[in-house]
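This report walks through one protein model, from a helix cap to single residues. Have the structure open while reading.

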Amino acid sequence: MKAAVVFEKGSIPQYADFPEPEIIKENEVLVSVKAASIKNLDRARAGGTHYSTDNEVQQPKIIGSDGVGYLDNGTKVYFFSKNGSVAEKVLADRQLMVPIPENLDFSVAAALPNAVMGSAMGLQCKAGMQQGDTVLINGATGITGRIAVQIAKLYGAGKVIVTGRNETALQSLLKLGADEAISLKLTDENFKQKIKEIHGETPVDVILDYIWGHSVEMILAALKGDGTFSHKTKLVSVGGMSGDHIQLSSQILRGTDIHISGSGLGSWTKEESKLLFSEIIPGMFQAAAEGKIKIETEDVDLEYIESVWNKEIENGKRLVIRI
């Protein structure tokens, strides 16, 4: 069969022949793949730089972590697979599979779940977001941030504030449901003052952060308490596009009711992972089928994987490989 294969760590995936998988375990099922999205996770795993690949033995492997396709009985499904996903056929675990509504396009179904994992899991499982909460999404102009805005509104957020550097993308989030946009191009003092004003008017309950780095330092400084009672705020780290480290004053932790956690592979409990496949992704598929969640894709046929691997995709779109 044909697949997108990495032969050496850090090399560009190639359109190549690969042995067709055979069912060995009882819980496995064969999927005829129709589409698979390419995310930062997939690029990092293919390059051997993601923490989940630290103990892997280097050998030719199919890229990708999830995809969509048909079972032998014609059922349309989304699947998660540790065996790769950008191939004509893939083995998947029955427990890590979700039916897809018939009227939902394969490209949308392939692109949506990773963004859901990077938003809904943080909002629901780690932050315990409640209806009416004020949610600040830091670094919201990427594809996952755009989905996070829409999901926060679906979950009943009373107010959604977004930050970002791309002015055009930032303003477009207002059309997706964001209530207020703050540019990360502001001076540090102006940015912190803006956060302080918002926090004073409608205290921030949840911060969903995609970029970490200096912007988080500024947000925490803006929320710092003054020795009186402070509002409980839950900060959930999902990404680190602006750097992997921050300087954190112990005074902020002692003087502010701030709760910091992360959301990603390894941080979810077994119960939360089950919830992802049993309720969260199916619910978001249905919302997308009903037009309540929108995601844009750039579709490319499998045979062109080498030419698009390092291509810069238009902001707000997810690269999807069609098979």
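Which residue caps the N-terminal end of α5? N166 does: one of its side-chain oxygens lies 3.1 Å from the backbone nitrogen of T168.

The model is predicted: local features need pLDDT of at least 70, side-chain atom pairs count only at pLDDT 80 or more, and totals for chains, interfaces and linings use all residues. Residues are numbered from 1 along each chain as its sequence is written, and side-chain values use heavy atoms, with hydrogens and water left out.

**Overall build**

The protein has 10 helices and 16 strands. Helices (H or I, at least four residues) and strands (E, at least two) are DSSP runs, numbered from the N terminus. The radius of gyration is 20 Å, close to the 20 Å that the globule rule gives for 323 residues, so the protein is as compact as a globular protein of that length. That radius is taken over C-alpha atoms, and the globule rule is 2.2 Å times the number of residues to the power 0.38. Along its principal axes the C-alpha trace spans about 65 × 40 × 35 Å.

Of the 323 residues, 51% count as buried. Buried means under 20% relative accessible area, exposed over 50%, and partly exposed in between (1.4 Å probe, protein chains only). Contact means heavy atoms within 4.5 Å. Among contacts between residues at least 6 apart in sequence, 71% join residues at least 24 apart.

**Helix α5**

Helix α5 covers residues 167-175, and its buried residues are A169, L170 and L173. Seen down the axis of α5, these buried residues fall within an arc of 105 degrees, so they line one face of the helix. The arc is that of the directions from the helix axis to the C-beta atoms. An α-helix has 3.6 residues a turn, so residues three or four places apart point the same way. On the other side of α5, T168 and K175 are exposed. The cover over the buried residues of α5 includes α4 (143-154), β10 (159-164) and β11 (180-183). Just after α5, G177 takes a positive phi of about 125 degrees.

**Helix α9**

Helix α9 holds 20 residues (270-289). At 1.5 Å a residue it should span 28 Å, and its end C-alpha atoms are 28 Å apart, which agrees. The expected span is 1.5 Å times one less than the number of residues. Even so, α9 bends by about 45 degrees at L276. The bend is the angle between axes fitted to the seven residues ending there and the seven starting there.

L276 is also buried, as are E272, F277, I280, I281, M284, F285, A287 and A288. Covering the buried residues of α9 are elements including β6 (76-80), β8 (97-99), α2 (106-117), α3 (120-126) and α4. Just after α9, G291 takes a positive phi of about 80 degrees.

E290 sits in the loop between α9 and β15 (296-301). Its side chain joins that of K292 through a polar contact of 3.1 Å. A polar contact is a pair of N or O atoms within 3.5 Å; within protein, one must be able to donate a hydrogen and the other to accept it, and residues adjacent in sequence count only if both atoms are side-chain atoms. E290 and L104 are 186 residues apart in sequence and 8.9 Å apart in space, C-alpha to C-alpha.

**Single residues**

| Residue | Relative accessibility | Class |
|---|---|---|
| D66 | 1% | buried |
| T233 | 2% | buried |
| G145 | 3% | buried |
| W212 | 13% | buried |
| E290 | 45% | partly exposed |

D66 is found in strand β5 (residues 66-70). Its side chain makes a polar contact with the side chain of K39 (2.5 Å). Beyond neighbours within four places in sequence, D66 contacts residues including Y78, F79, F80 and N114.

T233 lies in strand β13 (residues 233-237). Not counting residues up to four places away in sequence, T233 touches H199, D205, D257 and H259, among others.

G145 belongs to helix α4. Leaving aside neighbours within four places in sequence, G145 is in contact with A140 and Y210.

W212 is in the loop between β12 (206-209) and α7 (214-223). W212 has a positive phi of about 55 degrees although it is not a glycine.
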